[in-house]
Amino acid sequence: MGSSEIDLFGDILGLLDSMDKARKVDESVVGKLDQLADSLSRSEVFWLNNNDAKPVDAFMLFHAFRNLHGISLEAKSRFAVAIAKHENPRTVDDAMKVFPSVFSLFATVKSLEGQPLTPGLRSMIVSRIQMLRGTAAGANMLPSEGENKGTSQPEIREQARALAETAQEILSEA
Amino acid sequence: MRHKVLTDTNVLIAASICMTIEGSSPPIQLKHRSFDNCMGLIGLLRKFRSKRIGLLTPTIENEAWSVLERVVRKEVETSRVPREQLFPTLSTVLSTCEDRLRGILQTLQREPIIADDVKPWYARVEQMYEEFIQQAQVVDLKFETEYKTDAAAEGYRGLAHRIYEKQAKMTNRQVTQLRYDRPNEADKTLLAEAAYLYAFYKEREAQVTFYLASGDSHFSPMKGTAGGLTSRAITDRISKDFHVICDYPEEISNSLRQEVK
């Protein structure tokens, strides 16, 4: 696991803790979240372009990092707005709910990098991503605009159609 | 009378696959072909959530995530779309479906299941399907057709034969499908869990109507096209032996609308 990322997580979790106690946003958290989002974005691009891993494994890790990246960006934007509008404790409370799950998914996918994923491990990643998205939805930290980055409406339409057909095929086979 | 509905994975997945595509007027909605019927039932279970009608077991929940994993694997392995386009798009679509599935799972009551308690039910379910598989090997559609045709008036026997042949084929389909399509372990576990849960509720709440909502013909009756003949020998046996009423989501929705006040 990259020590710089671990350090960043340590810094962010520490800042959240002190902000929670002070009930006030520390502006330095925005810069830390920016660095974290950049690092997660690099991992996202790494798995998008990684031709050595099995395509499905690369996708699962891409999907995980994309969610981590999107949620970190949303958290950064919430803190930026909180500083501007002086909405202090609410954003801290929301981030306190979400960041343990962000770290948990990050630690899971980092520990799985470099090894082939079994169907069970892939299902585990899917359900961990969902746990994170569930927490983020409850704390209003799901990515808003960024989620559709790099996609177009016709592509999404085609992919949704393909997914529905594949799901039908798999359920018929079961 | 209390009502309980256990939803099969196929119902949960079909109800999860729906996306509204903005950017055109009106926005386009893409959905699984069974979405409306499955979501109709989920909506009803959500409406009745205070009555704790909709149930979920860990087996079904795990199976639902596993189906999504298989869908993704197949999409990634077979899609001809370049990866730089496929990955972001698939990730967006998958997140939407997963969010829907999570929302649906939250409305159902999770039932604790102890594997040892389900074992005796699994053995009975397995025995029942074994008997049907034996029956599928020996069922003689020709004999059934000719026996009935013999009773028809002379001059109409050609027509009668065609009608009875089709009838025999249609009404026996649920059993004859077992010649080439047998229930897997997950199917048998699901039915065993349903039977176990019925017995559990029966002991505590006396009068219980227990439904298994599924599009799987190993449980639910096989309907003919355009409302034709239905094949339901397995469905009837499940109802008789295990007191579990297996049917399609739309049929169960209709029953619940009439029975639940």
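Domain bounds here come from an automatic or database domain assignment. The model is predicted.

**View 1. The two domains of chain A.** The assignment divides chain A into domain 1, residues 3–143, and domain 2, residues 148–174. Taken over C-alpha atoms, the centres of domain 1 of chain A and domain 2 of chain A are separated by 26 Å.

**View 2. The side of chain A that touches chain B.** The contact between the chains draws 35 residues from chain A and 41 residues from chain B. On the chain A side, helix H3 (55–85), helix H5 (119–138) and helix H6 (153–173) each supply at least two residues. H6(A) gives the most to this side, with 15 residues. By class, the residues of the side of chain A that touches chain B are 15 nonpolar, 12 polar and 8 charged.

**View 3. The crossing of H5(A) and H4(B).** The axes of H5(A) and helix H4 (residues 83–107) of chain B come within 10 Å and cross at roughly 75 degrees. Angles of 65 to 115 degrees count as roughly perpendicular, and H5(A) and H4(B) are therefore roughly perpendicular to each other. From H5(A), the residues that make the contact are Val126(A), Gln130(A), Arg133(A) and Gly134(A). H4(B) contributes Ser95(B), Glu98(B), Asp99(B) and Arg102(B). Sorted by class, this contact of H5(A) with H4(B) holds 1 nonpolar, 3 polar and 4 charged residues. An α-helix has 3.6 residues a turn, so residues three or four places apart point the same way.

**View 4. Chain B as a whole.** Chain B has 11 helices and 7 strands. Its C-alpha atoms fill a box of roughly 65 × 50 × 35 Å along the principal axes. Of the 261 residues in chain B, 42% are buried. Among contacts in chain B between residues at least 6 apart in sequence, 78% join residues at least 24 apart.

View 5. H9(B) covers residues 185–205, 21 residues in all. Buried residues of H9(B) include the run Lys188(B), Thr189(B), Leu190(B), Leu191(B), Ala192(B), Glu193(B), Ala194(B), Ala195(B), Tyr196(B), Leu197(B) and Tyr198(B). Tyr201(B) is also buried. Just after H9(B), Ala206(B) takes a positive phi of about 55 degrees.

Methods: Residues are numbered from 1 along each chain as its sequence is written. Chains are lettered from A and ligands numbered from 1 in the order in which they are written. This is a predicted model: local features need pLDDT of at least 70, side-chain atom pairs count only at pLDDT 80 or more; totals for chains, interfaces and linings use all residues. Helices (H or I, at least four residues) and strands (E, at least two) are DSSP runs, numbered from the N terminus. The expected span of a helix is 1.5 Å times one less than its number of residues. A residue is buried if 20 or more other C-beta atoms lie within 10 Å of its own, exposed if 12 or fewer, and partly exposed in between; C-beta atoms are placed from the backbone. Two residues are in contact if their C-beta atoms, placed from the backbone, lie within 7 Å. Ala, Val, Leu, Ile, Met, Phe, Trp, Tyr, Cys and Pro count as nonpolar, Asp, Glu, Lys and Arg as charged, and the others, Gly among them, as polar. Axes are lines fitted to C-alpha atoms, for helices over the stretch in contact, and angles run from 0 to 180 degrees between N-to-C directions. Angles under 35 degrees count as roughly parallel, over 145 as roughly antiparallel, 65 to 115 as roughly perpendicular and the rest as oblique.
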